[in-house]
Amino acid sequence: MTSNANSRYGIFYSQVLPNLFEIRRQISLKSDSADYAKMGAATYILQVLQGIKVTDLNGSIPYTEAIKGRYEGVFNPVFDTQETLFATWLNQLNNAITTLAAANTPTIKSFGTSDVFYKGDWTKWIKLANTLKLRIAARYENQDKAKTTKIAGEVMADATGPIKNVEDNLTYANVTYDAAGGAINYRDIKYGGIAIVDFMKKVNDPRIKVYFNPNSLEGSFKDTLTKYGKTLPSFIDINDPLIQFQGGPIDWTLNVPQKAYFGSNGFDGGGLNKYFLISTINRRFYAPRWDGSTSGTFTELLASAGESCLLIAEFIKKGYISGDVAAWYNKGIEASIKTMNAIAVTAGSTLAYSGEGATEIAAYQNNTNVVLNGTNDLERIYIQQHLNLIRQPNEAYVFDRRTGYPKTGSTYYPRETFGEKIPRRFWINDPGEVNRVNWSAAYSAQGFTPNVQDVLTLSNERVWYDKTAPEFGKGL
């Protein structure tokens, strides 16, 4: 496997933590350092945000002794366990919330417009901190449900709470920043999978126009097929109102009819007509300038109202907290659709709706296959989380690994057959003789095989909070 998959580990220690630590050091040197307390508190929230992503793939990592080499000459930091990491991060988030919630004084300092996320709005930073607490609560679930209950309860009891509205999403957008760019076509053009496309069609999901491009079956294609006596492949219903969206297999080794129509292998429509049947991903949505365009801006979505509202709905359904599960479920759906539409607007992409979208969103929420019906409510909440996290790949991976959904064999939204192994952890290279002892001890304690990068091994070894989770596709 390519080492690019885990570049977050090195970046955390070479770019993220050094800068955040230095901000706090500079604050501590000021005679009026108390006036900078809220600025310092925000730095802890950012390092927890990234730290969670790093431990998600790697398990135990240096944290409590990290960056001491710069200031104290400690070059062999211990690798903290996930239990220690989560406890440390919860403490740091709670302290940050307390500091940020304190009344402002006339001399309090702020990042102002230099804050590329929230422009110095400390209330939004509190919401982000609470959203990160929800993420930690979810990660505890398969090891310590009592901790999940406690943390979720704290978030719900907080006067500010988590991110609940689209306006509070943590995003980064810059006209010079395009995370994927031309790499969106790396190795090949990407296509929509059968399961996700079929489900979004079944429920008339307005996001389908944002996530995927239509195929060639538009306009007068029916007349052309009739003229030349052509019949579409059996997997396509010619009367399908959303015929322009067709998914393909996520595993190319499967013998399925869609496989014959990928890429340049279009369907012969007679004469000089060729129809490309499988829907590609909407590259403009994911990488606005992938084709050299000078318009459209990429938006990085780092934390969202859809994510936190749907997590709350899940926690209510499971009994960890009390509340109106349907209300939070619908709030999460609305936030997700509005978020994706806003990203599409900025990207110059096809939109989910025009105007306010109230009609389209309400119709979707009330669709018989979307509305909670008392039968498979948890799965419906799960699938909305799955659909929402398409722009948050780390959270999507953690969600699928944590829950085992989408579920193989489900009659609601079945997981597609995928023959390849999926890693459940990634690797940290041997740090060398300076810290090999701590690295080796951490790997041994976690049951990890050192110095391996093969998918088979990585798919069989798990980080602490994942050890009792279901297999992919085998949710309870």
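Modeller: Let us begin with Leu 301 in S6, which is the bridge partner of Thr 171. The model is a predicted one, in which local features need pLDDT of at least 70 and side-chain atom pairs count only at pLDDT 80 or more, while totals for chains, interfaces and linings use all residues. Residues are numbered from 1 along each chain as its sequence is written, and side-chain values use heavy atoms, with hydrogens and water left out.

Strand S3, residues 170-173, runs antiparallel to S6, and 4 bridges join the two (strands pair if DSSP finds at least two bridges between them; strands, E, of at least two residues and helices, H or I, of at least four are DSSP runs numbered from the N terminus). Strand S6 covers residues 299-303, and because 4 of its 5 residues are buried, the rest of the structure largely encloses this strand (buried means under 20% relative accessible area, exposed over 50% and partly exposed in between, with a 1.4 Å probe and protein chains only).

Burial can also be followed along a helix. Helix H4, residues 82-101, has 20 residues and reaches 28 Å from its first C-alpha to its last, close to the 28 Å expected at 1.5 Å a residue (the expected span being 1.5 Å times one less than the number of residues). Its buried residues include Phe 86, Trp 89, Leu 93 and Ile 97, and the buried residues of H4 pack against helix H2 (37-58), strand S1 (61-62), strand S2 (79-80), helix H5 (122-140) and helix H6 (145-157). Phe 86 and Trp 89 also belong to one aromatic cluster, together with Tyr 63, Tyr 140, Trp 464 and Tyr 465.

Glu 141 is buried, at 5% relative accessible area, while Lys 318 is partly exposed at 26%. Lys 318 also meets Glu 314 in a salt bridge of 2.6 Å, N to O, and Glu 314 is buried, with a relative accessible area of 0%.

Arg 425 takes part in two kinds of arrangement. With Glu 461 it forms a salt bridge in which the closest N and O atoms are 2.8 Å apart. Arg 425 lies in the loop between H15 and H16 and Glu 461 in the segment after helix H17 (455-460), so the pair ties together parts that are 36 residues apart in sequence. Arg 425 and Glu 461 are both buried, and Arg 425 lies over the face of Phe 448, at 4.2 Å from the ring centre (a charge sits over a ring if NZ of Lys or CZ of Arg is within 6 Å of the ring centre and within 35 degrees of the ring normal).

Some details of the backbone remain. Most residues other than glycine have a negative phi, and most peptide bonds are trans. In the loop between helix H15 (393-403) and helix H16 (436-446) lies Pro 406, which a cis peptide bond joins to Tyr 405, with omega about 0°. Ile 67 has a positive phi, near 70°, and is buried, with a relative accessible area of 14%. Asn 204 likewise has a positive phi, near 55°, but Asn 204 is exposed, at 52% relative accessibility.

Definitions and conventions: Phe/Tyr/Trp six-rings, centres within 6.5 Å; stacked < 30°, edge-to-face > 60°. Contact = heavy atoms within 4.5 Å. Salt bridge = Lys/Arg side-chain N within 4 Å of Asp/Glu carboxyl O.
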